[in-house]
Amino acid sequence: MLQTATRAGAKTSKKDPPHERYLEAFRWMLQTRIFEEKLTSLYRGGLITGGVYVGRGQEAVSTACGLFLQKGDVFGPLIRDQAGRAAAGEPLLNVTRTYLGSRQGSMRGRDGNIHRGWPETGQLAMISHLGSLISVVVGKLMAKRMKGEKNFIGLTTIGEGGMQTGATHEGMNIASVEKVPLVLVAVNNHFAYSTPNDRQFACAQLVDRAPGYGYEGHEVDGTKLADCLDEIGGAVERARAGGPPQLVVASLLRLAGHGEHDDASYVPAEIKKESWAQDCVPATEKLILEKGWLDAATLKQWRAEISAEVEKAVETAQREAAPVASEEDWCAISTRGMVDAPVLAGE
Amino acid sequence: MSVTYLEAIREAQAHLLREDERVYLYGQDIAGKFGGAFKATKGLAEKFPGRVLNTPISEDAMVGTAIGAAMEGMRPIVEMQFADFSSIALNQILNNAGTQFFRTNIPCPITVRLPSGGTKGSGPFHSQSMEAIYSHYPGLVVVTPATVEDAYTMLIDAVAIDDPVIYCEHKYLYYHLKADALPKDRLPIGKARIVRPGRDLSIVTYSAMVHEALAVAKEFSASGVEIEVVDLRSIKPLDTETVLASVARTGRLLCVGESFPWGGATAEVIARVATEGFHLLDAAPARINARDTPIPYHPNLWVDHRPNAKSIAAKARRILAE
Ligand SMILES: Cc1ncc(C[n+]2csc(CCOP(=O)(O)OP(=O)(O)O)c2C)c(N)n1
């Protein structure tokens, strides 16, 4: 990520952008958009088994989630966090390996798509059950404190749908009780699969819940990159400085189906006219060009570089071997002596 | 000096806190002077400040935090106030802890203590035995100590295992069982124990039902019938070898479990003996479990709901007559 910052910074001109990491963040957004479009085309071409879930429209928020994390921090990304995962250090190759079924991916064919982790930079592998990652992040933070580590935070994300599970309630509450440095970024993309907000919750604003849990609450327009960087960066800073848990609620529209199998025809046309429904990637790019923070030639070059990275990650993963059932050890626990009845396992 | 089953659990936790700085206890009402609904942690919070922590009534999050802490190298022991309430944590235990190693290659060494089983007057929601549910899912070790000695050593061993362990402690045994002292030796988790050798019938059981089976074996012995009693000790892994060896000696099998009858440990044992040791059987294998209703409150109903020495003896007589 530093590499990108330098590259971005070199081309900064005229007036400085509104946040010192603005251009670096945009590069992650652009990478994610180009990369996920590639994943979608692979899916449509029948080259990906299982689902593809993209974060179209959420690139600004998600990038901000990954960008401010440091070594020793804990990150619990969710469904639409490709941008944040990349900004926090997961290589594209691990994503293509996971989606394309290479045995060399971090999940080794045992889980797929977004259900992947990247332990090298503290990224947890989500289970599907929404809300259950929050308490796991809290537990990691508790343990770090018990071990005497300092200066760490945990950040995890949740959708406005996932926010209505009991696990989210328990997880949010226990974070406060344990006084851990947690940042919870709730992304209200107005549809949980096909369900609009009026069938998910009935409070005026989700951020109103923050004081009820002992959190500091912040709202942000998720289509505005500078605001996302300010609010999420600020929340990370406050948590790191010993503040209470932070809830940042970002508003935007999910600009894809729930997964690529879903045409999202249930999203009414009117909603797409709302200011918070705009697409953050072209909007940010337009602003960058208008303000002259980067010129068109540089952006073109970025696109070319990203496309090359994406192609390379796809080609590499496609060349790699798939997992082989006969070579699996089919063992769900790490303690060999505790394995039950191998003779019953279909042998 | 004598030690109860409950004291053995407390002493095991004291030992673990003393010997292993990675261990901490996490549960409802377990800290302070109170020391837990059953006093399994009494005195430990004072002795080990900061390591015996009260939690909100949030079973899901209690286990979720334990999973996170275990990933960071800690060895949390989570106390459920009653096994029954672990239903709220099923998702974290089964889907998160139970899948973690297989998915990520990162072990998940958590221990979840479940005060299990029926006692008079406890009713449908404070009496359950949940070993079958936890054993059904991959990725967990499930233990059911039946003696003071096992209560002590198996809890210490559970924490040493790098995988999630469901430790089912029986509430009826808390005060009823006493030993002279804490044990010096241990039988490892995964090994069943022949608690009484016999020749005519094998009763394979676990947890509190071991003691009902022993009572039946004693009664039958007076009339010259020798029943072998096998205490499984752990439901997962299940020591099929010891069970088969016992059936090879006796030719007859009765499995006894306190939990509900559909599926479960007794059905599993019979399935294994029928598939792997059919030739050893001189009579059809049988099993006896609780009734297929919620666990009733009133003692008159409760004693009839679960297996007891009388119903076990009746079943044993039928098998022996075959
Ligand atoms: C506990 C649980 N129930 C149901 C599902 C199935 N499911 C997966 S994603 C999803 C919608 C999630 O909506 P939201 O949390 O708003 O996130 P978004 O997909 O909009 O990013 C559902 C219902 C699940 N993963 N977990």
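The following dialogue covers two interfaces in a predicted model.

Visitor: What are the ground rules?
Guide: In this predicted model, local features need pLDDT of at least 70, side-chain atom pairs count only at pLDDT 80 or more, and totals for chains, interfaces and linings use all residues. Residues are numbered from 1 along each chain as its sequence is written, chains are lettered from A, and side-chain values use heavy atoms, without hydrogens and water.

Visitor: What makes Asp340(A) and Arg272(B) a salt bridge?
Guide: A salt bridge needs a side-chain nitrogen of Lys or Arg within 4 Å of a carboxyl oxygen of Asp or Glu. Here the N to O distance is 2.6 Å. The pair therefore qualifies. Four salt bridges are found across the interface of chain A and chain B.

Visitor: What is the buried area between chain A and chain B?
Guide: About 3,500 Å², with 62% from carbon and sulfur atoms. Buried area is the accessible area (1.4 Å probe) that two parts lose on being put together, summed over both. In chain A, Glu170(A), Met338(A) and Asp340(A) lose the most area to chain B.

Visitor: How many residues are in contact between chain A and chain B?
Guide: 43 residues of chain A and 45 of chain B, where contact means heavy atoms within 4.5 Å.
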